[in-house]
Amino acid sequence: MKLIKQLIALATVAIATTATATAAAQSEAPDVLVKRISADVIDTAKADKDIQAGNHKKVMDLVESKILPHVDFQRMTQLAAGRAWRDATPEQQKQLSNEFRTLLIFTYSGALSQIKNETVEFKPLRAAPEDKEVEVRSQVNVARGEPVTLNYRLAQSPTGWKIFDINVLGAWLVETYKGTFASEINKSGIDGLIKTLAERNKKLASKPLAKPIK
């Protein structure tokens, strides 16, 4: 009986903690959210020698735990696929979203393995309280060279703000993939695009992450 009471108590605490975290995420301002994620990810990457050495599993785990919960992959895929998304079956939409998600995970992972002494500087948020979509602007200060522009588009959802596009050096990620997706869809349809992404992901999975830049 004592053990059962302890388990009930633990479960209650876990539920309460989860509810509090969810409520906090829902009320968190978009720029505050992005700043928190950025600081958390960069600090973790800098402090972990395995990540610095390009440990594939460690980097992927960091992406999965710290970044993915705050990204709307379905919307990113829908925007990148354009009109073809509406013509795709629910199963095709699911497969395409999963493959695009996996591709972006490899993209994030490769970038994280390169983090050394970079810092991120955020610009003031230009948005009204009632806005449902906003852009959070920042720049990455590197040891050598000019700062790198890094902006985020976020939309408000029932579970808080979600990132649905990223701008690096003036190029929006979704817009960049839109042309690639359209070309592949015109050539071999949605199934052809899914196959191409799946093959690319398999190749990326078999390769080690790029070695950190000295």
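This is a predicted model: local features need pLDDT of at least 70, side-chain atom pairs count only at pLDDT 80 or more; totals for chains, interfaces and linings use all residues.
In the secondary structure, Asn 151 belongs to strand β3.

Leaving out residues up to four places away in sequence, Asn 151 touches Glu 135, Val 136, Arg 137 and Ser 138, and also Asp 165, Ile 166, Asn 167 and Trp 172.

Asp 165, one of the residues touched by Asn 151, forms a salt bridge with Arg 153 through their side chains, at 3.5 Å from N to O. The pair links distant parts of the chain: Arg 153 is in strand β3 (residues 148-157) and Asp 165 is in strand β4 (residues 160-168), 12 residues apart.

The two partners fall into separate accessibility classes. Asp 165 counts as buried at 3% relative accessibility, whereas Arg 153, at 31%, counts as partly exposed.

## Salt bridges around helix α4

In the whole structure, 11 salt bridges are found. One of them joins Lys 57 to Asp 61, with 2.8 Å between the closest N and O atoms. Both residues lie in helix α4 (residues 56-67), where a separation of 4 residues places them about one turn of the helix apart. Lys 57 is exposed, with a relative accessible area of 56%, while Asp 61 is partly exposed at 36%.

Another salt bridge pairs Asp 50 with Lys 58, whose closest N and O atoms are 3.1 Å apart. Asp 50 is partly exposed, with a relative accessible area of 36%, and Lys 58 is likewise partly exposed, at 32%.

## Packing of helices α2 and α4

Two packed helices are described by the angle between their axes and the distance between the axes. For helix α2 (residues 30-47) and α4, the angle is about 160° and the axes are 10 Å apart. An angle over 145 degrees counts as roughly antiparallel, and α2 is therefore roughly antiparallel to α4. The crossing of this pair is right-handed.

On the α2 side, the residues that meet α4 are Ile 37, Asp 40, Val 41, Thr 44 and Ala 45; their counterparts in α4 are Leu 62, Lys 66 and Ile 67. By class, the residues of this contact comprise 5 nonpolar, 1 polar and 2 charged.

## Packing of helices α7 and α8

Helix α7 (residues 90-112) packs with helix α8 (residues 173-206) at an angle of about 70°, and their axes are 9 Å apart. Because angles of 65 to 115 degrees count as roughly perpendicular, α7 and α8 are described as roughly perpendicular to each other. Their crossing is left-handed. The residues of the contact between α7 and α8 divide into 15 nonpolar, 5 polar and 3 charged.

Apart from neighbours within four places in sequence, Glu 184 is in contact with Gly 189, Gly 192, Leu 193 and Thr 196.

Asn 186 is also found in helix α8, but it counts as exposed, at 70% relative accessibility. Asn 186 and Ala 84 are 102 residues apart in sequence, yet their C-alpha atoms are 9.6 Å apart in space.

## The chain as a whole

The chain contains 8 helices and 5 strands. Read from the N terminus, the order of elements is α-α-α-α-α-α-α-β-β-β-β-β-α.

Among contacts between residues at least 6 apart in sequence, 56% join residues at least 24 apart.

Definitions and conventions: Residues are numbered from 1 along each chain as its sequence is written. Side-chain values use heavy atoms; hydrogens and water are left out. Axes are lines fitted to C-alpha atoms, for helices over the stretch in contact, and angles run from 0 to 180 degrees between N-to-C directions. Helices (H or I, at least four residues) and strands (E, at least two) are DSSP runs, numbered from the N terminus. Angles under 35 degrees count as roughly parallel, over 145 as roughly antiparallel, 65 to 115 as roughly perpendicular and the rest as oblique. A crossing is left-handed if the near helix is turned anticlockwise from the far one by less than a right angle, and right-handed if clockwise. Ala, Val, Leu, Ile, Met, Phe, Trp, Tyr, Cys and Pro count as nonpolar, Asp, Glu, Lys and Arg as charged, and the others, Gly among them, as polar. A salt bridge is a side-chain nitrogen of Lys or Arg within 4 Å of a carboxyl oxygen of Asp or Glu. Buried means under 20% relative accessible area, exposed over 50%, partly exposed in between (1.4 Å probe, protein chains only). Contact means heavy atoms within 4.5 Å.
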